[in-house]
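Here is a short report on one protein model. Keep the sequence and the structure in view as you read.

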Amino acid sequence: MKKIFPPLVLIAALTFVGMSLLPPKNQSEFDLIGFGRLPVLAHGRIKPLDTVARSSLLQLQSRQAVRILHVKDPVVSSPIEWLLDVFYRPEKADTYHTFAVDHLEQPEVMAMIGRTPETLRIKYDSAVLNILAIADVVPKTQRRFSFNDLQPHLGTIEAQARLAAPIESAVRTPFQRSVMQLYANLRLYLQLRHAVVAPDRPNFVRDLIQFQNKLPESIAAFRAQQAGQTHDAAAVSSLMELGERFDLMAKMSMLLVAPPDTDERDITLWKTAGDSLLGTFQSMQVNSTVLAYAGLGQAWREQKPAEFNKLMSLFHDSLDKRFDAEMGKSAKETRFNAAEPFYTSMLLYAVAFFMAIFSWLFWPTALGRGAFYIIGLAWLLATAGIITRMVLEWRPPVTNLYSSALFIGWGAVGLCLILESVFKNAIASVAAGTIGFITLIIAHHLSLSGDTLVMMSAVLDTNIWLATHVVIVTTGYAATYLAGFLAVIYILRGVFTRTLDKGTAESLNRMVYGIVCFATLCSFVGTVLGGIWADQSWGRFWGWDPKENGALIIVLWNVIILHARWGGMIKQRGLMSLAVVGNIVTSWSWFGTNMLGIGLHSYGFTDAAFVALIAFVTLQLAIIGLANIPLENWRSFRASAPATPAKKLETVGAK
């Protein structure tokens with residue numbers, strides 16, 4: 001069994017990955033996948049509607065599934081079905097609980113949305129669930145609301161948001177930050193409602209056809225009215241009403257869904273549906289794409305899948321002829337979204353972590369090798385995901401905070417695979433599982449702000465520097481974190497278990513020392529390259545920006561570790577303590593400097609990030625405190641721990 005266990009584990013993991021990569025299938029009679037592949041222009045890039053739906057739901061409610069309380073199954077089968085309802089059946093979409101409201105414990109927030117502690121309390125049908133709610137095992141208060149719940153309070157929410165807007169984000173109160181986020185989410189929802197059709201017109205495609213057919217005589221009647229001549233008042237009134245609706249659509253939506261009807265490929269010619277319809281007064285012809293969206297909307301409202309699918313096929317054929325590159329890109333991104341490679345990798349990292357931990361207790365070879373295989377597969381899957389993002393963006397791997405989390409985890413796990421192939425003691429596998437899982441969790445939370453493939457700002461839009469400075473510095477982050485997490489393993493095993501024998505301790509010592517050397521090189525080279533980039537972009541090599549200071553601190557700290565070791569001022573435990581401090585230093589440079597609200601690298605303050613950073617730093621300080629417990633106390637801790645089944649292990653006598 002021990003011999004066949006690793007290959008069995010690999011086969012099972014490969015099967016799991018293969019199933020996640022299968023092409024998605026429509027969950028209903030409607031061609032939802034085809035609708036999700038339709039390209040639109042938003043935030044400076046072409047993206048599929050599938051991405052719009054997923055990123056919008058993540059921003060609104062921190063998850064992609066649309067659910068209601070007490071019901072196990074989602075309300076809709078997929079994010080794109082939710083988007084179709086928002087587009088074409090807003091009266092139904094308005095009932096979905098898709099608005100997550102934070103800080104519900106604050107009376108002013110609850111009062112603002114017309115809720116009291118009593119009305120927010122969830123009353124389960126099961127007595128067991130009610131008991132679990134009291135213990136905070138299951139939710140005990142409502143956190144998500146529908147648009148219908150919030151609509152009566154839109155004026156109050158907007159007024160509070162306007163009061164909070166002039167205040168810098170770093171000094172806003174939790175209430176103000178919650179109001180600003182809720183207001184932004186409501187604006188996003190209303191923008192989606194006005195993206196392709198007028199939401200209060202039950203048959204918009206009929207309106208557009210009549211508008212196009214009667215436009216010449218309506219314009220003639222309007223000109224006659226302006227000249228004081230006899231005119232058709234009804235035609236003028238209808239023209240003015242539709243014009244106002246088109247203008248509202250143009251003002252409300254930021255989603256550019258309408259490419260030009262010509263063969264021009266310039267993306268600057270793409271327009272919102274409202275702007276395109278306003279242009280009809282000059283062109284005398286409704287844009288074919290807008291008309292197609294309206295036709296799809298009518299088929300969706302009337303729930304006619306055959307008509308919807310036929311229109312979808314014709315629409316795709318029309319776009320394929322004129323925008324084959326954009327359609328191909330949208331199809332790839334939709335497939336990438338459905339595969340969710342980083343989510344699958346995160347699950348594999350978690351499984352590998354526990355398998356590697358158990359390998360220290362029994363079956364060391366079989367479980368250790370199985371964990372190594374799973375981590376290797378998860379790393380390859382993450383590699384494929386990062387490469388796919390690079391192809392979609394046509395950018396180097398790191399362009400924003402989200403991609404930095406992906407790359408730091410990827411780099412650290414890659415180094416762990418090298419270490420594990422050399423030392424074969426499952427230590428690097430434990431570190432890989434931990435770092436891989438944590439960084440992907442961080443990436444998930446960073447994705448809640450919206451699209452993760454946004455265009456770069458002009459001053460940063462330089463692929464050569466993104467591929468050199470950013471990648472090298474981020475690799476330095478990954479290496480510094482890896483050294484710190486290996487040190488954490490050393491300390492926790494030394495204090496709480498008997499598994500840190502002399503050979504294991506020496507292996508960890510060599511691992512940490514080697515990784516710190518590598519981290520020093522990457523951090524130094526990356527920081528120097530960043531100074532050169534700053535000189536070219538901003539006219540100065542070094543400006544003592546908080547982010548620049550953070551990069552310098554990482555370099556200096558790694559140098560301090562090496563000099564302290566070379567000078568004999570520290571031995572094993574001292575090396576590990578300083579390496580754990582590296583986790584704090586790197587976290588400050590990665591996230592802490594962004595939350596100061598100053599400097600050219602400030603990306604905004606968030607309560608969640610601040611609390612998480614403080615919690616992480618506190619944990620690292622506690623671990624450093626454990627490392628500095630006198631050696632005799634280490635032995636007493638280990639004496640109280642159960643002996644391993646394999647053998648009685650030696651204790652460590654190093655400082």
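## Two antiparallel helices

α1 and α19 are roughly antiparallel to each other, because their angle falls in the class over 145 degrees. (Angles under 35 degrees count as roughly parallel, 65 to 115 as roughly perpendicular, and the rest as oblique.) Helix α1 covers residues 5–20 and helix α19 covers residues 341–359. They pack at an angle of about 160°, and their axes lie 11 Å apart. Axes here are lines fitted to C-alpha atoms, for helices over the stretch in contact, and angles run from 0 to 180 degrees between N-to-C directions.

The crossing of α1 and α19 is right-handed. Which residues of α1 and α19 make the contact? From α1 come Phe5, Val9, Ala13, Phe16, Val17 and Ser20. From α19 come Thr344, Leu347, Leu348 and Met355. Contact means heavy atoms within 4.5 Å.

## The model as a whole

This is a predicted model, in which local features need pLDDT of at least 70, side-chain atom pairs count only at pLDDT 80 or more, and totals for chains, interfaces and linings use all residues. Residues are numbered from 1 along each chain as its sequence is written, and side-chain values use heavy atoms, with hydrogens and water left out.

The protein has 28 helices and 4 strands. Helices (H or I, at least four residues) and strands (E, at least two) are DSSP runs, numbered from the N terminus. The C-alpha atoms fill a box of roughly 105 × 65 × 50 Å, taken along the principal axes. Of the 655 residues, 51% count as buried. Buried means under 20% relative accessible area, exposed means over 50%, and partly exposed is in between (1.4 Å probe, protein chains only). Now take contacts with a separation of 6 or more: residues 24 or more positions apart account for 75% of them.

Helix α17 runs over residues 305–322, which is 18 residues. From its first C-alpha to its last it reaches 26 Å, close to the 26 Å expected at 1.5 Å a residue. The expected span is 1.5 Å times one less than the number of residues.

Which residues of α17 are buried? They are Pro305, Phe308, Met312, Phe315, His316, Leu319 and Arg322. These residues cover an arc of only 130° around the axis, so they sit on the same side of α17. The arc is that of the directions from the helix axis to the C-beta atoms. On the other side, Ala306, Lys310, Leu314 and Lys321 are exposed. The buried residues of α17 pack against α2 (32–36), β1 (39–42), α4 (79–88), α16 (288–301) and α18 (324–339).

## From α18 to α20

Follow α18 to another partner. α18 and helix α20 (residues 364–393) pack at an angle of about 155°, with axes 11 Å apart. That makes α18 roughly antiparallel to α20. Their crossing is left-handed. Lys329, Lys332, Glu333 and Phe336 in α18 meet Gly385, Thr388, Arg389 and Leu392 in α20.

## Helix α25 and its cover

Helix α25 (residues 546–566) has 21 residues. Its reach is 30 Å from first C-alpha to last, close to the 30 Å expected at 1.5 Å a residue. Its buried residues include Pro546, Ile554, Trp557, Ile561 and Leu562. Lys547 and Glu548 are also among them. What covers the buried residues of α25 includes α23, α24 (502–538) and α26 (572–590).

Thr474 lies in helix α23 (residues 463–496). Is Thr474 buried or exposed? Thr474 counts as buried, because its relative accessibility is 5%. Leaving out residues up to four places away in sequence, Thr474 touches Val398, Ser404, Phe407 and Ile408. Ser178, in helix α11 (residues 174–193), counts as buried at 7% relative accessibility.

Most residues other than glycine have a negative phi. Ser62 has a positive phi, near 70°. Ser62 is in the loop between α3 (49–61) and α4, and counts as partly exposed at 27% relative accessibility. Lys424 also has a positive phi, near 50°. Its place is the loop between α21 (401–423) and α22 (427–446). At 54% relative accessibility, Lys424 counts as exposed.

Key. Left-handed = near helix turned anticlockwise from the far one by under 90°.
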